[in-house]
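Me: I am new to this structure. Please show me how to read its features, one at a time.

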Amino acid sequence: MANTTTNTIYVLNGPNLNLLGIREPETYGHATLADVEKLCAAAAAQYGLTADCRQSNSEGELIGYIHQAREKHVVGIVINGGAYSHTSIALHDAIVGVRIPTVEVHVSNVYTRESFRHHSFIAKAAFASLCGFGIEGYRLAISGLAAKIGANAIA
Ligand SMILES: O=C1C[C@@](O)(C(=O)O)C[C@@H](O)[C@@H]1O
């Protein structure tokens, strides 16, 4: 059988995260999605991983990326599902279905906000969730994911 191992992780951002830096800066800060993706590339590289970053405002497209992650033998997923985290059983099922170690991230602390943000379907499918660290949460998520999959820091 061919060796199918890759060093790629997917970093998936859901609806409205393309507006980071513009939307509600008092809640989400001033960093942009481009800043997030740069941070993720650097964080992944520290573990010999490559971050393939995608953003979509469409639930179906996000599900497609999760399915594609399996086809491409992606070794881990970091996902900020945005508001779909709180509504999408379909995203939950996609993550469970592909059996790829997944970390959920939210920029804001969803537990100090409206009660409709306190439940996440993605959290149930992920092995860990982080929220409230701003965009630094993506770095922490990648570090935790690397530990989970046994990717060691490069000296
Ligand atoms: O779009 C978002 C962003 C968010 O996922 C976050 O990163 O804090 C939190 C969600 O409740 C919200 O709908």
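Me: Which residues does His106 touch, not counting residues up to four places away in sequence?

Reply: Begin with the ground rules. Residues are numbered from 1 along each chain as its sequence is written. This is a predicted model, where local features need pLDDT of at least 70, side-chain atom pairs count only at pLDDT 80 or more, and totals for chains, interfaces and linings use all residues. Two residues are in contact if their C-beta atoms, placed from the backbone, lie within 7 Å. By that rule His106 touches Asn80 and Cys131.

Me: Where is the place of His106? Is His106 buried or exposed?

Reply: Helices (H or I, at least four residues) and strands (E, at least two) are DSSP runs, numbered from the N terminus. His106 sits in strand S4. For burial, count C-beta atoms, placed from the backbone: a residue is buried if 20 or more others lie within 10 Å of its own, exposed if 12 or fewer, and partly exposed in between. His106 has 23 C-beta neighbours inside 10 Å, so it counts as buried.

Me: Which residues does UniProt list for "active site"?

Reply: Read such records with care. UniProt positions are given in the numbering used here, feature names are shortened, and annotations may be inferred rather than shown by experiment. The unreviewed entry lists Tyr28 and His106. They span 79 residues in sequence, yet no two of their C-alpha atoms are more than 9.4 Å apart, so they gather at one spot.

Me: Where does Tyr28 lie, and what is it in contact with?

Reply: Tyr28 belongs to helix H1, residues 25-28. Tyr28 has 19 C-beta neighbours inside 10 Å, so it counts as partly exposed. Leave aside neighbours within four places in sequence, and its contacts are Leu20, Arg23, Val107 and Ser108.

Me: Where do Val107 and Ser108 lie?

Reply: Val107 is in the loop between S4 and helix H5 (121-125). Ser108 is placed in that loop between S4 and H5 too. Val107 is buried, with 24 other C-beta atoms within 10 Å. Ser108 has 18 C-beta neighbours inside 10 Å and counts as partly exposed. Beyond four places in sequence, the contacts of Val107 include Tyr28, Asn80 and Gly137. Those of Ser108 include Thr27, Tyr28 and Cys131.

Me: Which residues does the UniProt annotation "binding site" cover?

Reply: The unreviewed entry names Asn80, His86, Asp93, Val107, Ser108 and Arg117. They span 38 residues in sequence, and the farthest two C-alpha atoms are 24.1 Å apart, so they do not all gather at one spot.

Me: Which residues are around the ligand?

Reply: A residue is near a molecule if its C-beta atom, placed from the backbone, lies within 6 Å of it. Around the ligand are Asn16, Asn80, Gly82, Ala83, Ser85, His106, Val107, Ser108, Val110 and Arg117. To sort them, count Ala, Val, Leu, Ile, Met, Phe, Trp, Tyr, Cys and Pro as nonpolar, Asp, Glu, Lys and Arg as charged, and the others, Gly among them, as polar. The shell divides into three nonpolar, six polar and one charged.

Me: How many residues of strand S3 are buried?

Reply: In a regular strand the side chains alternate between the two faces of the sheet. In S3 (residues 76-80), five of the five residues are buried, so the strand is largely enclosed by the rest of the structure. Gly76, Val78 and Asn80 are on one side, and Ile77 and Ile79 are on the other.

Me: Which strands are joined to S3?

Reply: Two strands pair if DSSP finds at least two bridges between them. Strand S1 (residues 8-13) runs parallel to S3, with five bridges. Here Leu12 stands opposite Ile79, and Asn13 stands opposite Asn80. Three bridges join S3 to S4 (residues 102-106), also parallel. There Val78 stands opposite Val103.
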